[in-house]
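Thanks, everyone. I have one structure to show today, and I will keep it short.

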Amino acid sequence: MGYYDTIDFENTDFRKEPHKYKVGRGEQGVLMVEPYKAEILPNWRFKTPDIAKESADTIYEQFCTYKKQDDFVGMDMARKFLQMGYTRARRYANYPGGKKYNKDGDINERDIDETKARSAEIFQEKWILVREDEEYLEKKKAHQKKFG
């Protein structure tokens, strides 16, 4: 039984119980960890570069706020949303409607949408800032050492 099978996400406040939070891989758990999902998700958009810039800037500001509050879980969740902004915008940039696979399970041909590609770049810039932030990396290492 894995971590995601053992945690009651619906009834866990990870701000109050950060010891229950596992970093996971990539974007794993991004839409499950509260109260961060409720705080960050409303700001997550990538339809156009202007919308993506506002979104990425806002989520980065949230990251900085969590950092000031010594809230590693919040920092990591902001990182996940920035990463997800990049990956989702990139998928929509590569495939019309974001559909990588057709109904037969075969990969659709790429048709690059430059607008969505720019949105992806905007999120990627902030995601790189966050994932390379020295304080974030120190807190991540400490959290993983202490809680797994």
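This is a predicted model: local features need pLDDT of at least 70, side-chain atom pairs count only at pLDDT 80 or more; totals for chains, interfaces and linings use all residues.

Helix 3 covers residues 49-68 and helix 5 covers residues 114-131. Their axes come within 8 Å and cross at roughly 15°. An angle under 35 degrees counts as roughly parallel, so helix 3 and helix 5 are roughly parallel to each other. The crossing of helix 3 past helix 5 is right-handed.

Which residues make that contact? On helix 3 they include Pro 49, Ala 52, Ala 56, Ile 59, Tyr 60 and Phe 63, along with Lys 53 and Asp 57. On helix 5, among them are Arg 118, Ile 122, Phe 123, Lys 126, Leu 129 and Val 130. By class, the residues of this contact are 10 nonpolar, three polar and four charged.

Now to helix 4, residues 72-94, where Asp 76 lies. Is Asp 76 buried or exposed? Its relative accessibility is 0%, so Asp 76 counts as buried. What does the Asp 76 side chain make a polar contact with? The partner is the side chain of Tyr 136, at 2.5 Å. Setting aside neighbours within four places in sequence, Asp 76 is in contact with Tyr 21 and Val 23 as well as Tyr 136.

Gln 83 is also placed in helix 4. Gln 83 has 12% relative accessibility and therefore counts as buried. Not counting residues up to four places away in sequence, Gln 83 touches Gly 26, Glu 27 and Trp 127.

That is the end of my part.

Technical notes:
Residues are numbered from 1 along each chain as its sequence is written. Side-chain values use heavy atoms; hydrogens and water are left out. Axes are lines fitted to C-alpha atoms, for helices over the stretch in contact, and angles run from 0 to 180 degrees between N-to-C directions. Helices (H or I, at least four residues) and strands (E, at least two) are DSSP runs, numbered from the N terminus. Angles under 35 degrees count as roughly parallel, over 145 as roughly antiparallel, 65 to 115 as roughly perpendicular and the rest as oblique. A crossing is left-handed if the near helix is turned anticlockwise from the far one by less than a right angle, and right-handed if clockwise. Contact means heavy atoms within 4.5 Å. Ala, Val, Leu, Ile, Met, Phe, Trp, Tyr, Cys and Pro count as nonpolar, Asp, Glu, Lys and Arg as charged, and the others, Gly among them, as polar. Buried means under 20% relative accessible area, exposed over 50%, partly exposed in between (1.4 Å probe, protein chains only). A polar contact is a pair of N or O atoms within 3.5 Å; within protein, one must be able to donate a hydrogen and the other to accept it, and residues adjacent in sequence count only if both atoms are side-chain atoms.
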